[in-house]
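Student: Could you walk me through some features of a protein model? I'd like to learn how to read them.

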Amino acid sequence: MTQAAQTLYTARTHTSGGREDGTSRSSDGRLDVRLSPPGGAGIGTNPEQLFAAGWSACFEGAMEKAARKRKIELPRKSAIDAEIDLVLDEGAYSLRARLNVSLPGLDPEIARGIVDEAHQTCPYSKAVRGNIDVTVALI
């Protein structure tokens, strides 16, 4: 980062118990969730679901910015179905991701440009670039 970088927001959470019947709460109280292992019988969510929700919300914001630059409005029914896989390969855990983006009514070439730009500018996409397998599909 450059010296001119400005912190716009800091999210703060307190988590205890991890995946096994844990809890996570934000400092402002807006997030207060119980945690459970993926696919388990617990009643909580899991880190992969939280990551999918956060990334897809951020990605949609990046698409809105890309659309504004083109002086167009995203369709009201635009949506992102995010899929985050927890993978075990040779004893090591990793993630794999798919973002399936729907921009109904937009010209496919324009939609592809918006999606590609969003993938370059979204902070979550930047954070995982080169670290996990990611597929961004226009559906």
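Student: How many salt bridges are there?

Tutor: Start with the general idea: side chains of opposite charge can pair when their charged atoms come close. The rule here asks for a side-chain nitrogen of Lys or Arg within 4 Å of a carboxyl oxygen of Asp or Glu. By that rule the count is nine salt bridges. Keep in mind that this is a predicted model, where local features need pLDDT of at least 70, side-chain atom pairs count only at pLDDT 80 or more, and totals for chains, interfaces and linings use all residues. Residues are numbered from 1 along each chain as its sequence is written, and side-chain values use heavy atoms, with hydrogens and water left out.

Student: Which residue forms a salt bridge with D32?

Tutor: That's R25, and the closest N and O atoms are 2.9 Å apart. R25 counts as partly exposed, because its relative accessibility is 43%. For these words, buried means under 20% relative accessible area, exposed means over 50%, and partly exposed is in between (1.4 Å probe, protein chains only). Now try R30 and D28, whose side chains meet in a salt bridge at 3.8 Å, N to O. R30 is exposed at 77%, while D28 is partly exposed at 46%.

Student: What about E117 and R70?

Tutor: Their side chains meet in a salt bridge too, at 2.7 Å from N to O. E117 lies in helix α2 (residues 108-121) and R70 in the loop between α1 and β4 (79-89), so this pair ties together parts that are 47 residues apart in sequence. Helices (H or I, at least four residues) and strands (E, at least two) are DSSP runs, numbered from the N terminus. Is E117 buried or exposed? It's buried, with a relative accessible area of 18%, whereas R70 is partly exposed at 33%. Salt bridges can also share partners: E83, D85, R96 and R98 are joined into one network that way.

Student: How do I read an aromatic pair?

Tutor: A pair of aromatic rings is described by the distance of the centres and the angle of the planes. Rings of Phe, Tyr and Trp (its six-membered ring) pair if their centres lie within 6.5 Å; planes under 30 degrees apart count as stacked, over 60 as edge-to-face and the rest as tilted. This structure holds two such pairs. The F51 and W55 rings have centres 5.5 Å apart and planes at 50°, so that pair is tilted.

Student: Where do F51 and W55 lie?

Tutor: Both are in helix α1, four residues apart, which is about one turn of the helix. F51 is partly exposed at 22%, but W55 is buried at 0%. F51 also pairs with Y124, again tilted: 5.8 Å centre to centre and 45° between the planes. F51 lies in helix α1 and Y124 in helix α3 (residues 123-128), so the pair ties together parts that are 73 residues apart in sequence. Y124 is partly exposed, with 31% relative accessibility. Put together, ring pairs link F51, W55 and Y124 into a cluster.

Student: Which helix is K65 found in, and is K65 buried or exposed?

Tutor: K65 is found in helix α1, which spans residues 47-69. With a relative accessible area of 53%, K65 is exposed.
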